[in-house]
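The sequence and structure are shown first.

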Amino acid sequence: MPTYDRVAVLSDIHGVLPALEAVLAEPAVAAADRIVLTGDITAGPQPTEVLALLRKLGERVAWISGNADRELIEYRRGERVDIPDPIGPYAAARLAEADVAFLASLPTTLTLTVRGLGEVLFCHATPRDDEEVVLVDSRPDRWTEVLADVPESVRTIVCGHTHMPYVRLAHGRLVVNPGSVGMPYGRPGAHWCLLGPGTDLRVTPYDIPAAARRLVAECDWPGIAEWADYYLGARATDAEALAAFGPRDGRNRPA
């Protein structure tokens, strides 16, 4: 397995092309050996445009599926009748059959060796489930559960899903969440992470009002103006997001 000096991690793009373009323009991303996408790539206003831009980067990009990507596939294949995110059916309808097949082929985890970090396992939510919730303040026994099957040789785990960046230790392992490129909670901007030799959480500022106007002009989903204002503007605070996600990490489970 090759060792990479620098790996840029982009998670939860959610079909927001202006945010993705801003991150890809970062010198550190352009210079990275690999770009790893930790899922939820397409479920948003510009799914095909995001896919096309990323696929132009060729083998530099390593792809992982997220729960929202899976939901689009299931919807298109008639395996489900609805999608929790209201924009999901629109995004699913925009995908070509080749896009659906491509997304369906993506793995749920990936392991790369990164200088300074050793073996790094990338996933969407947790290594064992694409919509399981772990948070910066999840209790130690929760981390014992979700990391139980991760090989001892892996000392760093990178996950997304909750749209809030953090770095924490869990039983001697480093857990990194880069936050969300396209739908951040708590702070506006396109959030991502640079790995090697350490972990560097980053946020790329971009012209959010201009991006919102662009989405309104280029996306014909009826609720796009409100969607763009809420998600690009990070109207959900980190406290609100933690309160909403908290019950899903099992913290209220009876002892």
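## Cavity

A125, T126, P127, V134, W143, V146, L147, I157, C159 and V175 line the largest cavity. On a 1 Å grid over the protein atoms alone, a cavity is a set of points where a 1.4 Å probe fits but cannot get out, and lining residues have an atom within 4 Å of a point. The space inside amounts to about 30 Å³, a volume being the space filled by probe spheres set on the points, which are joined across faces, edges and corners. Across the whole structure, the search finds one cavity of 30 Å³ or more. Its lining comprises nine nonpolar residues, one polar residue and no charged residues; Ala, Val, Leu, Ile, Met, Phe, Trp, Tyr, Cys and Pro count as nonpolar, Asp, Glu, Lys and Arg as charged, and the others, Gly among them, as polar.

The model is predicted: local features need pLDDT of at least 70, side-chain atom pairs count only at pLDDT 80 or more, and totals for chains, interfaces and linings use all residues. Residues are numbered from 1 along each chain as its sequence is written, and side-chain values use heavy atoms, with hydrogens and water left out.

## Largest pocket

The largest pocket (an open set of grid points with protein on both sides within 12 Å along at least five of seven lines) has a volume of about 540 Å³. Of its 24 lining residues, N67, D85, Y185, F245 and R248 are the closest to the centre. Helices α4 (67-76), α9 (224-232) and α10 (238-245) are the elements that give two or more residues to this lining; helices (H or I, at least four residues) and strands (E, at least two) are DSSP runs numbered from the N terminus. By class, the pocket lining holds 14 nonpolar, four polar and six charged residues.

A nonpolar core is a set of buried Ala, Val, Leu, Ile, Met, Phe, Trp, Tyr and Cys residues joined through side-chain atoms within 4.5 Å; buried means under 20% relative accessible area with a 1.4 Å probe, protein chains only. The largest core has 59 residues, of which L10, L37, W63 and W227 touch the most other members. Helix α1 provides the largest share of this core, six residues. Another core, of 16 residues, lies apart from it and includes V7, V9, A62 and V120. Beyond four places in sequence, L37 is in contact (heavy atoms within 4.5 Å) with L10, I13, L54, V61, A62, W63 and I64.

In helix α3 (residues 47-55), the buried residues are P47, V50, L51 and L54. These fall within an arc of 100° seen down the helix axis, so they line one face of α3; the arc is that of the directions from the axis to the C-beta atoms. Their cover includes α1 (17-24), β3 (34-38), β4 (61-64), α5 (88-94) and α6 (97-104).

## Backbone exceptions

Most residues other than glycine have a negative phi, and most peptide bonds are trans. H14, in the loop between β2 (7-10) and α1, has a positive phi of about 50° and is buried at 4% relative accessibility. H161, in the loop between β7 (154-158) and β8 (166-170), has a phi near 80° and is buried at 9%.

The peptide bond from G196 to P197 is cis, with omega near -5°. P197 is placed in the loop between β10 (190-195) and β11 (199-204).

How values were computed
Buried < 20%, exposed > 50% of the residue type's maximum accessible area, 1.4 Å probe, protein only.
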